[in-house]
Amino acid sequence: MSNRSLPGLVSRDGETRVRVTKGLELTKRQSMLALVGLLVVFAIPDIATVTPSLQLTVVHQGLLFGLAAVGLNLLLRHTRLVSFGHAAFFGTGAYTAAVLAAKFDVASFSLLLIAAMVVATLVAAIVGYLSLRHTGLYFSLLTLAFGQLLYALVQGQSFFGSSDGLPVRPGAARQPLIFGLALDSEAYAVILYYLTVIILVVSLVVMWRLVNSPFGNALDAIGQDRTRAQFIGIPVQRYVWIAFVISGVYGGVAGALYAMVQQHVRPGPVLYFLRSGDILFMAILGGFQTLLGPLVGGVLLVFLQDVGRDVTAYFDALTGVALLIIVFGLPRGLVGSLRAGGLLAAATRDFRENPAVVGEWISAAVTGIVEATRNWLRDVQSILGVR
Amino acid sequence: MTGLETFVTHTLHGIQYGFVLFLIASGLTIVLGILDVLNLAHGELFALGAYVGFTIIGYLTGLVAPPTTLSTQLVFLGVVLLGAALTAAILVPVGVFLETTFFKPIYGRDEVYQIVLTFALLLIIKDVNKLIWGPSPLRLQDAYGGINSIPVLSRVGLTYPTYNVVIIVIGLVTVAGLFWFFNRTKTGRIIRATAINREMATAIGVNTGRTFTLVFALGAFFAGFAGALALPPRFASLDMGANPLVLSFVVIVIGGLGSLRGAFVAALLVGVLSRWAIWQYPPAELAAPFAIMAIVLLVRPEGLFGTWGEMG
Amino acid sequence: MLKAIGGTALAASLAGCTALLGDDESSQSEGAVDVPDEPVQAGLQTFTEGAAAVLGLQTQYGAELAVQRINDAGGVAGREIQLDVVHEADAHVENYKQFVDEGKDVTFGPTSSGGHAALAPEVENQGVVNVGTDGTVTTLYEETVPDPTYSFRFQNHDVMECVAAARAAVDRLGADNIDTVAGINPNYAFGKDEFSVFKSAIQKLTGAEVVYEGYPDLLAEDMSTHITEVNDKQPDVTFSSNWGGDVTTLLNQAAANNMFENTQLVGSVLYSAVNDLSKDVVEQANAVSGSRNFYWGEPTPSRWEPGKQVLQDARDQWDIVPSAHFMSGYGAVAAWATAVEKTVNLVGGWPSQEQIATALEGHGFYTPAGYHVMGQGHQGLSNAYYGDMVWDDDLGAPALENISMHSPPELAPPPGTTASEWISSW
């Protein structure tokens, strides 16, 4: 049995693996997790109908920003370039769909999506060409500046609806038509959600293929050492530029879907520089060394912000604290830390073996705070010259 | 108004705006140039300065006579400036706290964590401001009008607020002071040496840890000073940090990352050109600074000046 | 009196007429109808923080005062109201859906125009009545939701506000004395819309020429370039739709640059900064300000006590002088509550969302601001007030004097006509 390869099953190193596509094989545990994950994602619309605290649109938005973060992560994880302007592509996608729907009455879901991809490709190609002349912080700042320039342009033009934005309600049905079907608003939301999930899965598989291709390896080499990559014959500029464009297209697709979900696009929520920050932090929150991390981070951050607003007036600080925990406690992000050997996994194991370990954690935290206060007082004294 | 008068007034507006931008961007560029950290929370430190300034300047001006005669006007001016200086001083321990608690442990790490950290601080400081001063905007009564009642340029027949003149003068003093500090004092030279080469500085006995704390505190000092000085003509609100942060980015990108001289030239350039642009073509308001930046970068991709180490 | 305001104790208390009612003069007909016991759940979204909180908190307090008064008067057909307030942020649709998921019976808000345009279609989808407080973009019921069922708006829209501004300017200065106009308006859709309506209205009324239009960003720290241009062009009238903190910035910096010696400032919502202005600036400015559909001192307290009572309550409870945005919150709640109470008696039970929506169409009701009609087009129609902004020492804040009142027929295009068609037909 184990020697005979079933369709979709392969045997490797004495282990049965599930073959998803060429080269992408999952262990039993991984396939179980993937299956459960997919089931949960598919069940969200049903779960949302019974619990008022979970909104389909919130999860949907989270997945879309997560998709943009997956795109951004191609740059972040492999070329080590920190883009602080990815809202530009998300916004480009969203506004392409919105302009076509509002000004030209284009109602077809696929047309809106394809157009958004095309325009996002163009914009990413231009922004990438101009900002990739630099690396490091300069690159981050340039992407941010181009993002803000785009925001200023949209905000300033009445063609784009200025700050009021544009509705995405084309045609007689006043909503984009999915495969030509006019649906009632609830069915529309659910079907659009499932379409998003399908697009998401495809995008993830494509991304996986990409990063595990020779092209992906070349990007890794560039990320590690540009000069060396240049020496071994990698066309650094061209490869990084291509990666930038691909990463922008992911943002554009996500943005177009967002426009169709929200059915109204405004510059603040899709183009403002804080949005770019959000997309970046989603990747890091979930774990930018993983493929799925940014997606998880996206759902989590959007959910945190939404729930936070209901729970406390200080929901911004709540997000801030979550980010601090990531930076200091879980530098590999949530998904990264859940893996065997990660901090979160280790902590769970410790706790399971001996629940009293919580006491140790608390005392460690207290010691840390006392220590920090003492350091702070000492430094203030020395800076102010008081002895 | 004659054409010349209009031109002069617009240019003065630009210069004044440029100095405000410089005051905000100086702290950011010092921290960036030496610590290699892009502090996204700088705008919130600026807002914190405005809020602290609201409390302190408001309290101090309540203690002195209303500015009616020249002597009371001068006392009033002195008190407002004292309040701004005190505000900046209060931001120093805040900066030290942030640096020792949060930044020190992660200097060696990937820069992406530094960006996340500063963004987390941005969110938290904003809510701390909300907790202390409440969600509504606050306006400092009387300070702006009080200082404007001192006749300065009206003596030469020009309509121009005295408060703006004060900002320009303070900006000039600050620029001169900063250059003196970094070029002529021992501490300043040590800081520059650290910026150019950390290992070398450590080797010759510089306590880089202490230097870093000092530099961050300096950044917070200027953020607070800028915030307190920006308050009188406007108001303090929770969302006031975002715009100055983005404009500071524009300024330091044009000037060359981490270059103080660059930041100064760029701030004045953006200040004057953007005011001229709005004067000639009002719809340019939002896009003007970014357009200026795009043009400068097309001509000189590395910004106007080199980085910190090369500044003279 | 009871008869005039709609017949019930609730309507009387919302109109601010409780003082005129005897203690046991309740004309409730609760016994006859079947109404659930549990409280009505209501949600309001508005700006509870940031620069726009100057408007949003007023709206929140206004809604809270209305709810207090309703509950003190025994609730809506005997049901108490519980009001949940959330920050509208940029999440108008999410907030509303959250309200719906939580089972809210009615929703109010938002303050933002862009947010309202995003929200209104969703209200139509979900079918839980939303009575908008502000979010006054005129095209809401012309283009965004041309045939609304569940979405209503209490406050007058932009066109009404700006036509009133033009008429107020002409009333005060005389058409012959207005040859040139300028505008300093916030750099977003609202500011641009407001000036474009004001511009076309004043041009129709006086033939004036527009000599300058500037758009300082929201929260701009520096408006002096625009002020210098006004000083240079010396227009007879300068129109501004700045609100909240941007009003204080504009007025302070304009005073510092002697702008008020060169022009007459007319603003649509200058009075929204009532709690933040200082005496010297108000006196120098001598501006004409609109106050949307409510000014606490009008009709004059000698004829209409309720406005004064609102001022008193707002000062006692929140230490503020109420602005028009206070009434936006108050009136939205009042519109819904009075309409529901009317319907309860008609249908003999708690009405459905559809029945409430039907009842709200063409519904007339009183608030301390006077009489309002929720028009057939779902747009609230109220008188608009303009006055000279002067310093009031007793109040410790600016007040409005020489109030001019403009009635809806003077301000709003007739049904089926767009604003621009209507103005160009004058």
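**View 1. The second largest cavity, lined by 8 nonpolar, 5 polar and 3 charged residues.** This is a predicted model, and we start inside it. The second largest cavity holds about 150 Å³ of space. Of the 16 residues that line the cavity, the closest to its centre are B:Gln16, B:Val20, B:Pro233, C:Glu221 and C:Gln253. Counting cavities of 30 Å³ or more, the structure has 7.

**View 2. The second largest pocket, about 940 Å³ in volume.** Here 36 residues make up the lining, and A:Asp164, C:Val137, C:Thr139, C:Glu143 and C:Asp193 sit closest to the centre. Two elements of chain A, helix H3 (87-104) and strand S4 (166-167), each supply at least two lining residues, and so do helices H5 (158-173), H6 (189-206) and H14 (419-424) of chain C. H6(C) gives the most, with 6 residues. Sorted by class, the pocket lining comes out at 12 nonpolar, 14 polar and 10 charged residues.

**View 3. B:Leu40 in the largest nonpolar core.** This core runs to 221 residues, and A:Leu280 and B:Leu40 are the ones with the most contacts inside it. Zoom in on B:Leu40 and look past its sequence neighbours up to four places away: from chain A, it touches A:Phe84 and A:Phe281. From chain B, the B:Leu40 contacts are B:Ile115, B:Thr118, B:Phe119, B:Leu122, B:Leu245 and B:Phe249.

**View 4. Helix H5 of chain A, residues 136-156.** Most of this helix is covered, with 17 of its 21 residues buried. Its length checks out too: at 1.5 Å a residue, H5(A) should span 30 Å, and its end C-alpha atoms are 31 Å apart, so the two agree.

**View 5. Helix H12 of chain B, residues 288-299, and its packing partners.** What do the buried residues of H12(B) pack against? They meet H5 of chain A, plus helices H10 (242-255) and H11 (260-280) of chain B. The buried set itself is B:Ala288, B:Pro289, B:Phe290, B:Ile292, B:Met293, B:Ala294, B:Val296 and B:Leu297. When reading that list, remember that an α-helix has 3.6 residues a turn, so residues three or four places apart point the same way. As for length, the 12 residues of H12(B) should span 16 Å at 1.5 Å a residue, and the end C-alpha atoms lie 17 Å apart, which agrees.

Notes: Residues are numbered from 1 along each chain as its sequence is written. Chains are lettered from A and ligands numbered from 1 in the order in which they are written. This is a predicted model: local features need pLDDT of at least 70, side-chain atom pairs count only at pLDDT 80 or more; totals for chains, interfaces and linings use all residues. Side-chain values use heavy atoms; hydrogens and water are left out. A nonpolar core is a set of buried Ala, Val, Leu, Ile, Met, Phe, Trp, Tyr and Cys residues joined through side-chain atoms within 4.5 Å. Buried means under 20% relative accessible area, exposed over 50%, partly exposed in between (1.4 Å probe, protein chains only). Contact means heavy atoms within 4.5 Å. On a 1 Å grid over the protein atoms alone, a cavity is a set of points where a 1.4 Å probe fits but cannot get out, and a pocket is an open set with protein on both sides within 12 Å along at least five of seven lines; lining residues have an atom within 4 Å of a point. Grid points are joined across faces, edges and corners, and a volume is the space filled by probe spheres set on the points. Helices (H or I, at least four residues) and strands (E, at least two) are DSSP runs, numbered from the N terminus. Ala, Val, Leu, Ile, Met, Phe, Trp, Tyr, Cys and Pro count as nonpolar, Asp, Glu, Lys and Arg as charged, and the others, Gly among them, as polar. The expected span of a helix is 1.5 Å times one less than its number of residues.
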